[in-house]
Amino acid sequence: MDSPRIEMIPAKPVSSLEQTIRMPVSIVITPPSRHVGKERPPLNLSIVLDRSGSMAGDKKMPFAKKAAAMVVENLTARDRISVVAFDDVAELAVPSTRVEAKHRILGSIEGIHPRGGTDLHAGWLAGAGQVLGERFEVGVNRVILLSDGQANQGVTDLEAIASAVKEKASRGIQTTTIGVGRDYNEVLMERMAVEGEGQYYFVGDTVQLVDIFQTELQGLMATTGQEVTLRFLPRGSKVVEFPHSFNQTIDGAYRLPDLMAETPIRLLVVLEIPPPTEPGSLLDIELQWVDPETSAKGLLKSSLRALPAVAHAEWEAVPVDLEVEDDVVTHRLVLIQENVSRKLRERDISGARQDLDLWKQVLAQAPPSPVQEARAEAYGATMNAMDLEDFDFGAKFLGGSALRARRGRREAPDQDSK
């Protein structure tokens, strides 16, 4: 079993002899590449499609069915698929089955048509039940939920739904959510993705649906580690900030996203480091995961060694590592994005514009990088949405972009403003 790599990069290569300092540290987890010719893990998927009446508009249902069909076409007989369609009730269009007679599965998907209300919980629960009933001990188990509306039938309480999703995730059944259009409840969909340890996507234009499903499928096929946890073991320092959205285990470890080949996870931690008293490490970390192809458990340990100490004035004069500074700026901008998203949802347009002014100021002071280029494009897209008074678009795509960064995923230019 190949192991990921861990790199810890302190903001400065030295600490202070005289004062306690706060030191940002970037943690980069790089999963192993998938070997050519090596089989990917088998997939056990349930595609849960909203077929409420609102899905009839903007060609949402045709594109949703096309996206689901694309998934089926790219699976093999090693995989399982089920399809649930929900409105006021959840109906099993395709019970969990090996992907062999594809024409039958595709025919059932094509027979789904919009109607009725939105019992989102019932739809998700039916899909999760199909995956759980045929759960792979070796492989990937995932529900992919697509909706364009508010949960207005059955169980609608956010905390109740989130709790159910988290319980299934604890049993190895993850949930990815895809919100379509301007009217769905992004707070609910984001929360389900976080508790379900999956991905969250905002689709502003229905023509993007096939690409989004393809992105999700490629990520699942590239999975090299599941049940990933990260544990901090402070030695000569104290962890004072970890600006990420991860659940924690009972013993305090953080549950990270799945490891995907060639997709690093970038994390930022802020340490409080007192003047040194003895040599040793500042921070030890333990990364654990399960190989989805063999169920073998992996463990990787890494240490940030104590830094050379210098006079405080000299420490202050040492420049900050540009890569770490980029991560610090990114998370400052993420906080601003979250505030703008919330204020747009609440229709506090004046407050949102004030935060956008702050966003512009932070960008102007940030060192140039591809990540900040992506944030600049997101800023431009938000300003355009403000000019068009398309506040729902701004709220949804900013929230999604911020959540990806909170979960350790960096974005290239254009990705979060499509």
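**Entry 1: ground rules.** I take contact to mean heavy atoms within 4.5 Å. I also keep in mind that this is a predicted model.

**Entry 2: the sheet.** I began with the strands and found six of them in an open sheet, ordered E6-E5-E4-E7-E8-E9, with mixed pairing. Strand E6 (90-98) and strand E9 (197-203) are at the edges; each has a single partner strand, so one side of each lacks a neighbour in the sheet. From one strand to the next, the twist averages 10 degrees.

Entry 3: I then looked up E7 (residues 140-147) and E8 (residues 174-180), which pair in the parallel sense over six bridges. Which residue in E8 is the bridge partner of serine 147? I found glycine 179 there.

**Entry 4: helices on the sheet.** Helix H1 (residues 60-73) packs on the sheet and touches E4 (43-50), E5 (80-86), E7 and E8. I noted about 175 degrees between the direction of H1 and that of E4. Helix H6 (residues 209-221) lies across E4, E7, E8 and E9, and runs at about 165 degrees to E7.

**Entry 5: a helix pair.** My last stop was H4 (residues 158-170) against H5 (residues 186-195), which pack at an angle of about 25 degrees with their axes 8 Å apart. Angles under 35 degrees count as roughly parallel, so H4 is roughly parallel to H5. The crossing of H4 past H5 is right-handed. On the H4 side I listed residues including Leu158, Ile161, Val165 and Lys166, which meet H5 residues, among them Val187, Leu188, Arg191 and Met192. How many residues of this contact between H4 and H5 are nonpolar, polar and charged? I have eight nonpolar, no polar and four charged.

Notes
Residues numbered from 1 in each chain as written. Predicted model: local features only at pLDDT ≥ 70, side-chain atom pairs only at ≥ 80, totals over all residues. Heavy atoms only, no water. Axes fitted to C-alpha atoms, helices over the stretch in contact; angles between N-to-C directions. Helix = DSSP H or I, 4+ residues; strand = E, 2+ residues; numbered from the N terminus. Parallel < 35°, antiparallel > 145°, perpendicular 65-115°, else oblique. Left-handed = near helix turned anticlockwise from the far one by under 90°. Nonpolar A, V, L, I, M, F, W, Y, C, P; charged D, E, K, R; others polar. Pairing = 2+ DSSP bridges.
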